[in-house]
Amino acid sequence: MNPLRGRLAVALIGLAVAAIGCTVLVRSELASLRAAFETDARIVHRLLSQRSAQQDAVMSMLSLLQSGSGTDAAGRRVASVYPQILDLLQRHGDASWTEPALAAAEDESRRERRAALAGVDFARGRYWLVQAATPASHAAQIDLRGMVPWEEWPMPPETSPVRVILEYAGQQFLLQAGNTGSHSGFDFRKRLATESQPFDVVAARGIRWSDLPWLKMLGWILLTAAALAGLLALERQRAERRRAEELLRLGQVARLNALGELAAGMAHELNQPLTAVLANTQAAGRMLNDEPAELDSAREAMQRAAEQARRASGVVDRLRRVVERPDVSAQLQPVKLEVAINNALYLLEPQLQQLGIKPSLGQTAVSVLAEPVALEQIIHNLLTNALQALAQVPAADRHLDIGVRIVDDKGRLTVGDSGPGIAADVLPRLFEPFFTTREGGLGLGLSLCESLAAGMGGSLTAANRPPRGAVFTLQLPLAAT
Amino acid sequence: MNSPLSPLIHLIDDDAAVRDSLALLIGTVGLRVQPWAGPQDFIAQFDRSGIGAIVLDVRMPGISGLTVLDQLIAEGVDQPVIMLTGHGTVEMCRRAFKSGAAEFLEKPVDDQKLLDALQAAVQQHVRSRERSRDDREAREHYARLSEREREVLGLIVAGLTNKEIGRALAVSPRTVETHRAKLFAKLDAESLAQLIRRYAALVEDPA
C-alpha cells in the first residue's frame with residue numbers, strides 16, 4: 001500500500017473514532033443533564049404543591065378555630081407561624097370586604113367548598129386566598145416568595161442554570177432566573193396539585209456550549225490520537241524490520257553473485273593458459289612423431305607451453321595473495337610517503353602521458369611507518385582508479401591532486417580526481433570484497449587496499465569532493481623521528 | 001609443405017597465446033591456418049571463396065562469438081564453423097547448433113577432438129562445394145535440351161523402354177532412339193545409371 005494513502009486512511013479512521021466517541025460523550029452528558037433537570041423540576045413541583053396544600057389547610061383550620069373560640073386573636077396566632085401570610089382579614093355577618101374582589105372569591109369558596117383565589121398580583125408577588133365560613137369568612141394575603149421552602153430547594157437559587165417560573169392566567173412570577181438567552185434545552189410544565197391555587201410550575205434549562213463535556217472529549221481525542229500514534233509506530237517498526245530483512249537478503253544474494261563472478265573470472269583466467277599449454281604440448285608431441293622429427297619447432301612449442309603454465313601459476317598466485325591477506329604488521333619500517341608516491345607515478349607514467357595528466361603533488365615531507373611494498377600497492381591501486389575515473393571526462397577537465405600532510409599525529413595521503421565521482425549507492429560498498437562497477441573486474445582491489453592499510457595500523461576512506469570527483473584518504477602512523 | 005590450394009582454417013581468438021598454440025597444433029596435420037585477433041577484422045577481410053573451416057572463440061571482448069556466427073550464417077558463408085568456449089552452458093551449446101555451428105568444443109580442447117572436427121568440417125565443406133558445382137553443371141546441361149528431348153528424358157527417368165516412350169509420344173521407336181542419343185551427348189552422360197543419378201531431380205522438379 002502507498003504509505004501516504006495508508007497514513008491518510010489511518011488519520012481518517014482516527015477522526016471518525018474521535019467524532020463517534022465525542023458524540024457518545026455529548027449524548028450521555030445531555031441525558032444525565034436532562035435526568036437531573038427533570039428530577040429537580042419534579043421536586044420543585046412537589047414542594048410548591050405541598051406548600052399550597054398547607055395553605056389550604058391553614059385556611060380551613062382558621063375557619064374551624066373561630067367557630068370554636070370565636071376570637072380573632074387565635075387566628076392571628078396561627079397565621080403568624082406561617083411567614084408567607086402577609087395579612088389576614090375577617091368578615092363577620094353582614095360586613096363587607098375591604099377589597100371587592102374578595103367577595104367574588106368568597107362566593108366561589110362557598111360554592112366549591114374550598115378556598116378560592118382572589119387579587120392575584122404576580123407583579124408584586126402576592127395573592128389572596130379566601131375561605132368562606134360561618135359566622136366569619138377569612139382571607140389571607142400570601143407572599144409568593146415567602147411560600148417557597150428555600151431550605152429544601154434542590155438547586156442553588158443564585159447559580160443554578162434552571163429557570164423556574166410560576167404562571168397563572170398570563171401572569172408570571174420568577175422564582176429562579178437560571179440562564180437565559182441560551183440554546184434549546186429542556187422544558188417542564190405542571191400545574192400545582194391544589195385546586196385552590198392552579199398555578200403552573202414552569203421550569204426550563206438552556207444548554208450552553210460550556211455545558212458540553214469538553215474535558216472528557218479532549219481526553220478521548222488525546223486517547224485516540226495516542227492509540228493511533230502507537231499503531232503507526234508499531235507499523236513503522238514492522239516496516240523497518242521488513243526492510244532490514246530485505247537488505248540482509250539482498251546482501252547475501254549480492255555476495256553469492258560476487259562469488260559466482262569471481263569463480264567465472266578465475267575459470268576464464270585459468271582456462272586460457274591451460275588451453276595454450278595443452279595445444280602446445282600436443283603440437284610438440286605430434287612434431288616429435290613426425291618423420292623426421294621437427295625438433296626445433298617442438299622445442300619452441302614446449303617453451304611456449306612452459307610460459308603459459310607460468311601464466312596460469314601467476315593467476316593462482318594472485319588469487320592466493322587475495323585469500324591469504326598477508327600480515328604486513330611485522331615488516332613495518334619508516335617510509336617516506338613522497339618516495340612511495342613517486343615510485344607509483346613512475347610505474348604509471350605511460351598511462352599519465354596517454355591521458356595527458358600532470359599530477360599536482362604537495363611538497364610536504366612525511367615519513368610514515370609502513371611496509372613499503374604494501375604501501376606502494378595501495379598507492380598504485382588508488383592512482384589506477386583515479387586514472388580510470390579521469391579517462392571518463394574530457395581531457396581539459398582531468399585533474400589529479402596528490403596531497404601529503406600530517407593530521408592528528410598521522411601521516412595523511414589524499415588522492416583526488418576530477419572524474420565522475422562515486423555514486424551514492426556504490427560508496428558504502430566500495431571496500432566490500434568482490435564488489436565492482438567495472439566490467440570483468442574482480443572487485444578485490446580496494447578491498448585488499450583497505451585490508452593492507454588496516455594491517456599497518458592505518459585506514460583508507462573514500463568520499464566525493466566538490467565540485468566533482470572522488471578523493472581517497474590513506475592514513476598511516478607517523479614514523480618516530 | 002602446404003600448397004596454396006590446401007584447405008585454410010580461420011582461427012579467431014583474442015588471446016595471443018591461445019591463438020598461436022592452436023595454430024601450431026592445427027598446422028601439424030598439414031592444414032593451413034590464418035589467425036585473427038578480432039572478429040571485426042576477420043569478417044571484413046577473410047576469403048569467402050576458399051575451401052576450409054572457421055574456429056571461433058565464444059568469449060571475446062566487444063562482440064560475442066555467437067553474434068559473429070549469426071552474422072556469418074546470415075551472410076551465406078558456407079565454411080563450417082566450429083565454436084570454442086571456456087565454460088560452455090547447455091543453453092549456449094543449444095544456441096550455437098541452432099544458429100548453424102558445425103561443432104561446439106570446450107577449452108582446453110584435446111588435440112584429437114579438435115583435429116577430427118576440423119578434418120570432418122573440411123571434408124564436409126569440400127563435398128558441399130562439389131555438390132553445388134555438380135548441381136550447377138547439371139542445370140547448365142539440362143538447359144541445352146530441346147522440349148522434345150526433355151519429354152523423352154522424363155520418360156527414360158520414369159523407367160520406360162524406347163518402345164513404350166514411342167507409344168506415349170506417338171512417334172516411332174527409331175525417332176526415340178535418335179532423341180535418346182542426342183540427349184546422352186548433350187548431357188555428357190556415359191551410362192543410363194549416371195544419367196538418372198544426375199538429372200532425376202531436375203526432371204521431377206523442373207523449376
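Two strands pair if DSSP finds at least two bridges between them. Helices (H or I, at least four residues) and strands (E, at least two residues) are DSSP runs numbered from the N terminus. The model shown is predicted, so local features need pLDDT of at least 70 and side-chain atom pairs count only at pLDDT 80 or more, while totals for chains, interfaces and linings use all residues. Residues are numbered from 1 along each chain as its sequence is written, chains are lettered from A and ligands numbered from 1 in the order in which they are written, and side-chain values use heavy atoms, leaving out hydrogens and water.

**View 1. The bridges between β3 and β4 of chain B.** Strand β3 (residues 52–57) and strand β4 (residues 81–85) of chain B run parallel and are joined by four bridges. Which residue of β4(B) is the bridge partner of Asp57(B)? The partner is Leu84(B).

**View 2. The open sheet of chain B.** Five strands with parallel pairing form this sheet, in the order β2-β1-β3-β4-β5. Its edge strands, β2 (32–36) and β5 (103–106) of chain B, each pair on one side only. From one strand to the next, the twist averages 20 degrees. Helix α5 (residues 111–143) of chain B lies across β1 (8–12), β3, β4 and β5 of that chain, and runs at about 135 degrees to β3(B). Axes here are lines fitted to C-alpha atoms, for helices over the stretch in contact (heavy atoms within 4.5 Å). Angles run from 0 to 180 degrees between N-to-C directions.

**View 3. Helix α4 of chain B and its buried face.** A residue is buried under 20% relative accessible area, exposed over 50%, and partly exposed in between (1.4 Å probe, protein chains only). In helix α4 (residues 90–99) of chain B, the residues Met92(B), Ala96(B) and Ser99(B) are buried. Seen down the axis of α4(B), the buried residues fall within an arc of 70 degrees, so they line one face of the helix. That arc is taken from the directions from the helix axis to the C-beta atoms. The buried residues of α4(B) pack against α3 (65–75), β4 and β5 of chain B. On the face turned away from the buried side are the exposed residues Val90(B) and Lys98(B). Gly100(B) follows α4(B) and has a positive phi, near 115 degrees.

**View 4. Two aromatic pairs.** Rings of Phe, Tyr and Trp (its six-membered ring) pair if their centres lie within 6.5 Å; planes under 30 degrees apart count as stacked, over 60 as edge-to-face and the rest as tilted. The whole structure holds nine aromatic pairs over all chains. Trp150(A) and Trp153(A) form a tilted pair, 5.0 Å centre to centre with 55 degrees between the planes. Trp150(A) is partly exposed, with a relative accessible area of 29%, whereas Trp153(A) is buried, at 8%. Phe42(B) and Phe46(B) form a stacked pair, with 4.4 Å centre to centre and 20 degrees between the planes. Both Phe42(B) and Phe46(B) are buried.

**View 5. The surroundings of Ala115(A).** Ala115(A) lies in the loop between α3 (100–112) and β2 (116–121) of chain A. Is Ala115(A) buried or exposed? Ala115(A) counts as buried because its relative accessibility is 2%. Not counting residues up to four places away in sequence, Ala115(A) touches Asp56(A), Ser109(A), Leu129(A), Val130(A), Gln131(A) and Ser196(A). Ala105(A) is ten residues from Ala115(A) in sequence and 8.3 Å away in space, C-alpha to C-alpha.
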